[in-house]
Structures are given as C-alpha cells and as structure tokens.
Amino acid sequence: MANNEEIQLAERPEGMPTKDTFRYVETEIPELKEGQVLIKSIYISVDPYMRGRMNDTKSYVPPYELDAPIAGGVVGQVSESKSDKFQKGDFVLGNLPWARYNAANPDNLQKVDPDLGPISTALGVLGMPGLTAYFGLIDIGEPKAGETVVVSGAAGAVGSTVVQIAKILDARVVGIAGSPKKLDYVKNTLGADEVVNYKEDDVAKALEKACPDGVDIYFDNVGGPVSDAVYPLLNAHARIPLCGSISSYNKKEDQGPRVHGFLVKSKAKMQGFIVGDYSDRFAEGKKQLSEWFKQDKLTFEENVVEGFEHVPDAFLGLFKGENLGKQLVKVADEE
Ligand SMILES: NC(=O)c1ccc[n+]([C@@H]2O[C@H](COP(=O)([O-])OP(=O)(O)OC[C@H]3O[C@@H](n4cnc5c(N)ncnc54)[C@H](OP(=O)(O)O)[C@@H]3O)[C@@H](O)[C@H]2O)c1
C-alpha cells in the first residue's frame, strides 16, 4: 500500500529552480522502531535558505543529497508513538523530510504548545524566523530608542518581526518591500514610520527622504541593489545585522553590495549571523516573543498554500515575492 509521499531533490538547479528540480515519490508509511514516533505533517515550512542547500557547496549546513527528500521545518501531529516522550495527538516541531509522514527520533523533536498560539506560529513568529529577527536585531543591531532602523524584506517572515521589535524598542523604522499591498501592511499593521517600494521607487532617493537623520541599523534580508541604496546613508557607528541576501540566491555570481568605503567612513559594524548559533539562548528568545505576542505587541501574517503537491510552488514563490508574512504549506488537518 503506497500511502506516503515525499518530495526529493531530482537535480541541482542552476539559477531559479524549476519543476524538474523536484520529484514526487510514493513511499510506504514507515514502520516504527522502538523509541520512535510517527509524525503526520500538518504545516511544511518553505524557507529561502533551502535554495542554498540545493547547491553542492560548502556552507553552514550540508547540501541536500540528490534523489533524497528535501527537508526543513515541519509542524506535525504524532499519529503513533513507541516513545514515552510523546503521545498520540501531540503537536511537534522538527526538521523533517518533505513527506506526508515521517518516523522520527523524539530527541530531534520539540513539543508545540497549542495554547501559545496557532501551531503554525512555531514555524514563524514564535519559531525560527522570529528568533532570527530577535537575535539579529537585538544582539547585533543593539537598537536604542529614537534610532533609525531600515529593514529590507520588511513584509516577510523575518522582516515583519524585525519591524515590530524595533517599534517595541521605540526606534524609528523604515521598511522596504516589493508591492503596495506589502507596504500598506508594513506601515499600517506593523507600524513602520516610512515605507519604500524597491520595485517602483527610486530606492536611493526614497530612502534619503525617509531617513532624514541617516541610518543607524540596517537589518539586511536581501542584499543586492536594495542594499546598495542603504549604505551611503549609514551614520557613524551604524550596525548591520547581515541576515540574508535573497536577491542573489538564484544568481551564480554574488552581486554585492560593495561596502568597503561606506563601512570605513561610517565605522559601521557589519555582522553576518546564523540563528542556530543562538540555540543556547532560544528559550530566552521564545519567552520574550511569546510575551509580546500575548500582550498584542507582536502580530503575524501567514501565506498558507493548501496541499502537499504545492510545496515546490510555494517555495518558488518566495523568490517572486508571492508571500506576505510567513510562507507555509498546509498538507493535512489537525486531528
Ligand atoms: N541568518 C539566518 O539565520 C536566517 C534565518 C532565516 C532567514 N534568513 C534570511 O532572511 C531573509 C528573509 O527570510 P524569510 O524566511 O523571512 O523570507 P521572506 O522574507 O518571508 O520571503 C522572501 C521575500 O524576499 C523578497 N525578495 C525575493 N526576491 C527578492 C529580490 N531579488 N530583492 C529583494 N527582495 C526579494 C520577497 O519580498 P518582496 O515582495 O518584498 O520582494 C519575498 O517575499 C532571507 O534572505 C533568508 O535567507 C536568515
């Protein structure tokens, strides 16, 4: 009985992945070994970093293997348990293959508390993207009240949380995103002071106008030409948490920005980071994010696509800006 399905990496993409990058394979629901649990996937997270793992290059995580399932953040429900750590019905978060069902070792799973918020938030505002925003902004950005914080990718999972945390900390926030709907969300729902549409505006001019006192923190999610426009505005001792550069993930050559002169002149600190490096402080980050969430200081948006067959499309949509907030795929209902 073929009652399970997984999505494998069929070929390493050059440039933007296509349908040929992915292969659907029917498999069996795994037999559990003693100590394991069977997880039914409910929400599959698609994230920009996965594009990097499709290349056969050295990075902070190993590349995906060819002809093996792609893996990432999944929130699921235990449908069978041979472990005393989890019971049938428990909600869990894990780094799991893109499959309808997975057998997993409980040590690699975290319990998801449905009382904290919708279970999907464990993949978004109360999960990896939220923690990325929290540690990147607070630890590297070190925001102070009244400072100007520019956030690229401001309507996405990480960026939308950065905008809100910066506002909670009384900074002046300028969000950059790629559509009028996103700008409206960043300004009127998330509370940014100014917004810039990098697809329609002259970004350099619009940013100059939006940042009359210069830029103290640039939280960079995108790199490329958008970032080129921010660097000339850096104030002395500006901080740049370098979170990602999605504009170059499908390009063979990195496209900058060229930062040398600007960093020297502004004596700015630019620091790349990977959220996993903060794993020993995740409890602190989750506690603070949950508190703000409960206090209605932190909101979130999700772009939920329905159906396991749409996981690759949802992933590709990240590079076309199709998502407002966290991009997720709902592949099954909760029981
Ligand atoms: N360092 C870490 O540990 C860590 C952890 C998580 C994520 N990240 C990085 O953080 C960034 C945001 O991740 P996320 O999960 O929150 O994704 P996201 O922002 O929710 O989704 C990606 C967004 O990027 C924008 N985008 C796509 N192509 C672009 C381009 N060429 N130029 C400018 N913007 C572009 C699109 O919005 P528009 O419509 O506005 O173009 C799209 O909606 C990514 O670079 C990701 O790799 C880093």
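1. The shell around the ligand is made of 15 nonpolar, 10 polar and 1 charged residues. Here Ala, Val, Leu, Ile, Met, Phe, Trp, Tyr, Cys and Pro count as nonpolar, Asp, Glu, Lys and Arg as charged, and the others, Gly among them, as polar. Keep in mind that this is a predicted model, where local features need pLDDT of at least 70 and side-chain atom pairs count only at pLDDT 80 or more, while totals for chains, interfaces and linings use all residues. Numbering starts from 1 along each chain as its sequence is written, and side-chain values use heavy atoms, with hydrogens and water left out.

2. Who sits around the ligand? Of the 26 residues there, K182, Y198, Y249, V275 and N323 come nearest (a residue is near if one of its heavy atoms lies within 4 Å). Helices α2 and α3 (157–168) each supply at least two residues of this shell; helices are DSSP runs of H or I, at least four residues, and strands are runs of E, at least two, numbered from the N terminus.

3. Now the polar contacts (pairs of N or O atoms within 3.5 Å). Y249 has a side-chain N or O atom 2.7 Å from an oxygen atom of the ligand. V275 places a polar backbone atom 2.7 Å from a ligand oxygen, and a backbone N or O atom of C243 lies 3.0 Å from a ligand nitrogen. On its own the ligand exposes 910 Å², and the protein buries 92% of that (Shrake-Rupley areas, 1.4 Å probe).

4. Back to α2, residues 128–141. With 14 residues at 1.5 Å a residue, α2 should span 20 Å, and its end C-alpha atoms are 18 Å apart, which agrees; the expected span is 1.5 Å times one less than the number of residues. Because 11 of the 14 residues are buried, α2 is largely enclosed by the rest of the structure (buried is under 20% relative accessible area, exposed over 50%, partly exposed in between, with a 1.4 Å probe and protein chains only). Among the buried ones are P129, Y134, F135 and I140.

5. D170, in the loop between α3 and β9 (172–177), has a phi near 65° and is exposed at 52% relative accessible area. H237, in strand β12 (residues 234–242), also has a phi near 65°, but at 49% H237 counts as partly exposed.

Key. Polar contact = N/O pair within 3.5 Å; in protein donor to acceptor, adjacent residues only side chain to side chain.
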